[in-house]
Amino acid sequence: TYTIFVLSGLLLSVAASAEAKPIPKAFHGTWVGHVDKTLTAKQVASVCRRSYGEWGTWLVSINSKTIDFSYPAGGDGRATVSSYSKYSASNIQGVLKVKKDVEGETYIEEEKVGFAVTGNKLKYTYNNGSVATFTKCR
């Protein structure tokens with residue numbers, strides 16, 4: 001079995017404080033990833049085409065205010081950045097307020113996370129140092 005990357009189990013809905021900045025443009029778009037393995041280009045393309053996760057993948061959509069995600073266990077979520085500790089065009093760290101819906105139950109939690117973009121790769125750091133890598137859909 002595969003553990004699916006749910007942005008640290010997060011259904012993200014960035015509820016930014018009045019002082020929070022928008023999520024930088026380099027992060028905007030739809031990303032596909034998996035916590036336990038590297039996906040092939042063919043798998044990434046298939047998930048991007050269908051707009052839903054396969055093979056234990058996560059599908060993450062980011063815009064200037066929110067991070068929405070879906071994952072194979074049948075859950076969805078939304079996160080919002082409640083505060084930043086690091087902020088640049090390609091690297092952000094901070095606290096996410098995450099709302100996730102799993103099997104009809106809604107959970108809200110906060111977690112320290114980091115995101116870094118290099119080309120078409122998004123590195124997500126969560127759970128005190130765990131890292132998952134996502135590929136941007138074209």
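Is Arg78 buried, partly exposed or exposed? In this predicted model, Arg78 is partly exposed, with a relative accessible area of 36%.

## Salt bridge between Asp68 and Arg78

Arg78 takes part in one of the two salt bridges that the structure holds. The partner is Asp68, and the two side chains meet at 2.5 Å, N to O. Asp68 belongs to strand S4 (residues 67-71) and Arg78 to strand S5 (residues 75-87), so the pair, 10 residues apart, links distant parts of the chain.

Asp68 is also partly exposed, at a relative accessible area of 24%.

## Salt bridge between Glu109 and Lys100

Glu109 and Lys100 form a salt bridge through their side chains, with an N to O distance of 3.6 Å. Glu109 counts as partly exposed, at 28% relative accessibility. Lys100 has a relative accessible area of 14% and is therefore buried, since the cut-off for buried is under 20%.

## The cavity

A search of the whole structure finds one cavity of 30 Å³ or more. The space in the largest cavity is about 40 Å³.

Its lining consists of Val81, Tyr84, Ile92, Gln93, Gly94, Val95, Leu96, Val113 and Phe115. Strands S5, S6 (91-102) and S7 (105-118) are the elements that give two or more residues to this lining. The largest share, five residues, comes from S6. By class, seven lining residues are nonpolar and two are polar, while no charged residues are present.

Note on methods
Residues numbered from 1 in each chain as written. Predicted model: local features only at pLDDT ≥ 70, side-chain atom pairs only at ≥ 80, totals over all residues. Heavy atoms only, no water. Salt bridge = Lys/Arg side-chain N within 4 Å of Asp/Glu carboxyl O. Helix = DSSP H or I, 4+ residues; strand = E, 2+ residues; numbered from the N terminus. Buried < 20%, exposed > 50% of the residue type's maximum accessible area, 1.4 Å probe, protein only. 1 Å grid on protein atoms, 1.4 Å probe; cavity = no way out; pocket = protein on both sides within 12 Å on 5 of 7 lines; lining within 4 Å. Points joined across faces, edges and corners; volume = space filled by probe spheres on them. Nonpolar A, V, L, I, M, F, W, Y, C, P; charged D, E, K, R; others polar.
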